[in-house]
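Start with the view below.

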Amino acid sequence: MDASPIDVMKELISNGIMASINQQIDYDTAAIVVDGMGFEARPVSAPETEAAEAQADVPQWRRLYADEDPSSMVPRPPVVTVLGHVDHGKTSLLDVIRKTHVQEGEAGGITQHIGAYQVTLDDRTITFLDTPGHEAFTAMRSRGAQGADIAVLVVAADDGVMPTTREALAHARAARVPIVVALNKIDRPNANPDRVKQQLADVGLKTDEWGGDTLVVPVSAKTEEGIDDLLEAILLVADETDIRANPHHTAAGTVLEGRMESGRGPVATLLVQNGTLRTGDIVVAGVAYGRIKGMFDPLGKQVKEAGPSRPVTVMGLDEPPHAGDMFEVIKGIKEARVIVQERRDTRQAEEARPAAGFSLEDVFERFKAGETKELLIIVKVDVDGSLEPVVTSIENLATSDLKVRVLHADVGEITENDVNLASASDAVILGFNVEVDPMAARLAEGKGVDVRTYDIIYKLIESVELALHGMLEPEYADKAIGVAEVRRVIRVPRVGNIAGSYILEGIARRNAKARVVRSGKVLAENLGVSSLKRFEDDVREVRTDFECGIRLDGFNDFEEGDRIEFYVRERVN
């Protein structure tokens, strides 16, 4: 505008805004100032937002090789994972596919721990990850890997959509992979495909027969009906997704499994996602490295190279890598050692400090820093009637710049699966009138996942709304850590009274706060611990059933029988 900063500040002041010369202001405020000075304001962030959203919808394997020359990319076989409810026939379906589409006589020789296998249909190949279950799928994503290109969701035609089905769907959507539904058990007399298709439509998977965009294929693992149709549907989705790779690039991909084998040492199953892996290549996989000495295909046959989408078992690494680690080929062994040592140092440093997760308070700061454009939320409620009002209210809080997406919503307590999904997706878990499973609570603490529970709906909605505007303040509460009983009062000239005490329970800590309680009445609280001694030694803490001397800041009036309660302030929300 060729306007001086002073003129801009004057215009701000005239609109009641006291801003310094280097202070950031929001778009609406800037638009008012621009309009007041005779210009028209236009946002420049919209294209950036659209680009970020478009980038988020691109599969990870394609983002990873975005700098590849398009002319060098060729179609590669799709990698498929199978998800669904525990009793809906995932394993049976995989067994039938393997039996009918792996060459006769070789199927029995498949290594049971390969973690993946390939099938053929009309001279085209599909790679199936032989680790069904959304827990394994999410564990891979939490390590940064995107093992699958397509997810097959198995739903029983006689049972329908179950809570575990919805969980599996949430994990597949979080990974942003296309979904094909295998409607299994259609041979059963009580099968009701139309009812199940309606249930699928209710969770956002509307079949293409009803005008939707989801392929729902009726199959039977028992009679083998519809198996070829399912494979054709997978290939059709793969063609639409345009899955490609550069076979001439140095190899990179995902670790499916790592283990120790007697006589072979460290063995790893690798899924090549780009390039070609060859015997003799130097590979770094997580914090493992080494030169490939031997390579075997899913049938146990030794091979010298493996192209894109091909799973292989390799020997030669110094230790078994973790499932979900990314692997890549490095030029020299010295460079590999340096990379691995840096990763080990980083991992040790991360393990030494508390897990830094994603909390509601972080949302606005991350948005301002350009690190996120979307708040992902997992919702668990007590009854089905509460689900829709809570989800609708949360989604209506979205702003033009910061979107709100409910990744998964269901009835029941907050479980480990919810925590794993939140950890892999940088999501926040909100519960209404539900408990947190103790194992899930410990897992959330370890992974740094923000879990919040409410018993009033408007409080839940208010927390999200405040977070979106950067106004949510953390809540703290006192947590008792120990209780001491005063057994003797020691008077020290020019120092004050010291309470000779016995720790009844918990821990007395030097850096904690303390309160003095006499006959059930609190005499003083929020007192600092100025001295904590065992005999003549200053100590940081004293545990249950030990004696110690305690001196508190600002309190001298101890009497025998008094209780000193130690507590710390902890963040609860």
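In what order do the six strands of the open sheet lie? The model is predicted. In it, the order is β3-β4-β2-β5-β6-β7, and the pairing is mixed. β3 and β7 stand at the edges with a single partner strand each, so one side of each has no neighbour in the sheet. From one strand to the next, the twist averages 30°.

Take β2 and β5. They pair in the parallel sense, over five bridges. Val82 has Val152 of β5 as its bridge partner.

| Helix | Residues | Strands involved | Angle |
|---|---|---|---|
| α7 | 163–174 | β2, β5 and β6 | about 170° to β5 |
| α8 | 193–202 | β5, β6 and β7 | about 150° with β6 |

Helix α7 lies across its strands. Helix α8 packs on the sheet.

The largest nonpolar core has 29 residues. Leu93, Ile97, Phe128, Leu230 and Ile234 have the most contacts inside this core. Elements giving it two or more residues include the strands β2, β3, β4, β5, β6 and β7. The largest share, eight residues, comes from α9.

Beyond its neighbours within four places in sequence, Leu230 contacts Leu93, Ile97, Val152, Val180, Ala182, Val217 and Val219. Val152 is also the bridge partner of Val82.

A second core is separate and has 23 residues. Among them are Val489, Ala524, Val542 and Phe566.

How values were computed: Residues are numbered from 1 along each chain as its sequence is written. This is a predicted model: local features need pLDDT of at least 70, side-chain atom pairs count only at pLDDT 80 or more; totals for chains, interfaces and linings use all residues. Side-chain values use heavy atoms; hydrogens and water are left out. A nonpolar core is a set of buried Ala, Val, Leu, Ile, Met, Phe, Trp, Tyr and Cys residues joined through side-chain atoms within 4.5 Å. Buried means under 20% relative accessible area, exposed over 50%, partly exposed in between (1.4 Å probe, protein chains only). Helices (H or I, at least four residues) and strands (E, at least two) are DSSP runs, numbered from the N terminus. Contact means heavy atoms within 4.5 Å. Two strands pair if DSSP finds at least two bridges between them. Axes are lines fitted to C-alpha atoms, for helices over the stretch in contact, and angles run from 0 to 180 degrees between N-to-C directions.
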